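Let's read a structure together, one feature at a time. Have a look at it first.

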Amino acid sequence: MLPYPSGQLHMGHVRNYSIGDALARYMRMNGYNVLHPMGWDAFGLPAENAALKNNTPPREWTLNNIAQMRRQMDRLGLSYDWRTEVTTCLPEYYRWNQWFFLRMLERGLAYRKRSKVNWCPECATVLANEQVIDGCCWRHEETVVEQRDLEQWFLRITQYAQELLDGLDALPGWPDRVRTMQKNWIGRSRGATIRFFLADAVGDDAEESAARRGKTPLPAAEGFDPEGLDRDAPGIEVFTTRVDTIYGATSLQLAPQHPAVESFAQADESLRREVEDLLEEQRRAREADDLATLEKRGAFTGRFAINPFNGERLPIWVANYVLLEYGTGAVMSVPAHDERDYEFAKKHGLEIRVVVLPRRTAEPAAAGEQDSPALPYVEEDSLVINSGRFSSLGCEEAQEKMAAFAAVCGFGGPDVAYRLKDWGISRQRYWGTPIPVLYCERDGIVPVPDDQLPVLLPDDVKITQQGGSPLGGVVEFVKAVCPRCGGPARRETDTMDTFVDSSWYFYRYADPGNAEAPFAREKIDYWFPIDQYIGGVEHAILHLIYSRFWTRVMRDLGLVANSEPAVRLFTQGMVIRNGAKMSKSKGNIVSPDEMIARYGADSTRMYSLFAAPPDRDLDWQEDGVAGVSRFLGRVYRLGMRYGQQVRSGAGAREYGESPVATGLLRELHKTIRKISQEFSGRWHFNTCIAAIMTLVNAITAAEPDLAQLPAAESTAVWCELLPNLVLLLAPFAPYLAEELGEVCGAAGPVHSQRWPQFDAELARDEEVEVPVQVNGKLRGVARVAPGAANEVLQQAAMSLERVQTAVAGKNIVKVVIVPGKLINLVVAAG
């Protein structure tokens with residue numbers, strides 16, 4: 001994944017890029033054509049902050065940072081093909097952001113509407129729903145996000161919601177954790193949408209008194225007929241997964257930000273103050289990540305809504321636990337059958353009405369034997385009661401029939417809801433892609449013609465992060481001519497969310513110089529989908545969902561054939577220092593420049609691969625870099641001692657059958673097998689490097705014995721050991737590998753040579769270790785030949801002293817053997 005050019009790499013970056021570089025080098029050495037590119041996610045707020053702080057234009061600050069970070073990457077020996085470099089803040093790139101936007105606008109995938117949006121006071125801009133984490137800004141983790149009502153541009157990602165969900169099952173090469181996070185974020189729910197029509201509160205004196213406090217519903221108007229409702233009357237839509245409980249609804253509850261609440265509060269100052277209090281409670285709960293335990297409070301609006309199934313007029317409340325981003329931001333409150341509704345009803349004294357009972361309890365209900373279970377009762381394998389024509393149906397059957405009835409009557413019907421909302425891309429910032437539309441007094445919204453792209457960002461812009469987009473203050477930018485009527489027009493001054501830039505950047509790597517199209521189809525067909533994508537799990541929701549959506553849009557435009565951007569995804573662990581993720585914002589970064597100056601580039605990158613498996617967090621310890629440096633020093637000295645002997649004896653293979661030679665060759669081929677298997681499987685490069693260390697230890701320990709061999713035989717052994725050791729080091733320590741390759745007389749760069757192949761016979765383990773258990777408890781390890789018969793395995797197990805003690809005086813009931821993996825003796829008292 002391309003980085004944001006903050007100006008300084010840290011060891012978290014080094015780890016990420018060293019993983020990918022090791023893989024790229026390994027695949028090249030195995031004969032593959034490898035595209036290993038790098039680019040820069042170069043738009044974004046930090047550049048504007050730097051402009052304010054340092055009085056440096058964002059473009060200048062960004063390009064200087066890119067030059068610095070590229071220098072660091074080169075110093076680390078990362079094998080990027082810089083001919084394919086992509087920089088998203090340059091017009092030759094963001095022109096195509098604008099082109100894609102226009103294609104989406106033509107197809108109804110881009111649209112503008114007035115909407116409640118997430119606003120970060122610190123960023124002074126809008127955030128997408130995916131950029132709000134536990135009620136706070138994804139970039140400023142302690143800044144609580146506000147709600148504002150603004151005209152915004154959206155991309156209709158919800159049109160692809162089901163396809164994005166279904167596609168996850170076709171991505172076995174993605175981590176289960178990421179796929180689960182995306183499934184939960186897309187959040188498919190099957191249920192029904194029901195329209196509750198607004199109504200006046202009319203009843204007798206007793207009813208009116210209770211109703212005015214919002215404690216109980218009012219009865220249906222005389223002659224109520226659900227099939228005769230005016231489906232065009234104003235109302236509030238509710239999505240529910242439990243329409244079978246609708247006869248138990250005793251109130252309607254709205255999120256404090258619901259549009260209807262704003263309308264109600266305009267005419268009621270007291271309600272407006274109560275709503276503000278509820279909003280503040282919700283905000284504090286979001287900030288503390290404590291919504292689940294938030295005390296359920298609300299305010300009665302004084303308004304009522306008709307339950308279209310039974311005509312009852314339900315009091316409408318505003319509740320602090322109802323969230324606008326879930327469903328429609330409105331819920332029918334069924335206290336007897338929902339935990340949150342039950343808590344709310346108890347708090348405010350609302351009516352609780354049972355309409356679902358367990359089958360064993362509900363069936364004799366007609367005979368007066370009804371016995372209610374503990375409330376709230378939420379089981380679906382039950383029967384519906386007290387629900388008019390739907391009574392006595394099973395819950396699932398009732399859900400289907402009630403949803404169908406709503407559809408026939410015109411006040412609702414079966415529905416599928418998604419947690420995923422359309423992607424709001426408008427940002428009130430300067431440093432981003434200008435949105436290519438004009439506003440004409442005569443023709444309204446007018447797209448910028450393709451031949452006028454790119455709409456360029458002006459250079460001389462005053463950035464204040466106050467009062468809307470900085471582009472609004474640039475008269476030359478704002479004033480334009482309408483391409484349709486020739487009259488005056490106003491340019492859009494919002495810029496695009498920077499996640500637009502990163503949703504398709506990797507396709508541009510395949511064809512970075514194309515000035516006629518985003519890329520050529522034949523080049524994409526050759527390289528895509530990506531074979532291996534590497535980045536942090538923190539991008540599971542934002543970048544990875546957006547890029548999957550963008551790929552499908554491009555597919556439907558005929559630009560690509562694939563539906564997914566990447567076949568395999570690897571999410572590396574974080575680098576931790578002083579108990580926190582290493583990051584510039586936390587002030588705990590370690591610069592690779594500093595490590596390279598002390599220990600060298602190879603030691604720096606090799607430590608990042610050795611200190612922990614790449615999918616686990618790495619606890620930063622500088623002593624570990626020093627240790628790797630000492631090891632590489634040993635390898636260097638070994639190469640310098642015997643490199644000339646290898647060069648002069650190149651091709652010698654007469655190493656005889658001496659035990660020392662055979663033992664070293666076995667160790668070499670086991671190491672080749674180990675590393676080759678790891679590159680094809682788990683990527684536990686820490687164990688690969690450990691295997692190389694074990695091999696080097698074996699070689700140095702055998703040096704005196706090798707010196708006693710005849711010269712030709714000794715040379716032959718070194719000609720086998722040293723060049724292969726160099727090749728094994730190449731993905732992890734490329735500088736040292738190239739140096740020693742030249743010393744040993746390699747024909748050309750080491751990284752253009754073939755990866756060594758192991759001899760299966762030499763790599764075969766002479767012994768394997770098999771854990772031995774007694775009644776499931778580990779008692780020892782048996783050492784046996786590979787493929788040993790079950791009788792041999794059992795004998796080896798019984799020869800262990802701890803096993804003999806554990807089975808003494810007991811009967812062996814059963815022996816469970818998993819060949820090469822496990823021996824378990826099941827014993828019972830004698």
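**Strands, then helices**

A: In strand β11, Ala305 is the bridge partner of Leu198. This is a predicted model, where local features need pLDDT of at least 70, side-chain atom pairs count only at pLDDT 80 or more, and totals for chains, interfaces and linings use all residues. Residues are numbered from 1 along each chain as its sequence is written, and side-chain values use heavy atoms, with hydrogens and water left out.

Q: How many bridges join β8 to β11?

A: Two strands pair if DSSP finds at least two bridges between them. Here β8 (residues 188-199) and β11 run antiparallel, joined by three bridges. (Strands are DSSP runs of E, at least two residues, and helices are runs of H or I, at least four, numbered from the N terminus.)

Q: What stands opposite Ala305 in β12?

A: That's Leu314. β12 (residues 313-319) pairs with β11 in the antiparallel sense, over six bridges. The two form a hairpin with six residues between them, and Gly311 in the turn has a positive phi of about 80 degrees.

Q: How do I describe two packed helices?

A: You give the angle between their axes and the distance between the axes. Axes are lines fitted to C-alpha atoms, for helices over the stretch in contact, and angles run from 0 to 180 degrees between N-to-C directions. Helix α20 (residues 659-679) packs on helix α21 (residues 685-707) at about 170 degrees, with axes 10 Å apart. So α20 is roughly antiparallel to α21 (the term covers angles over 145 degrees).

How values were computed:
Parallel < 35°, antiparallel > 145°, perpendicular 65-115°, else oblique.
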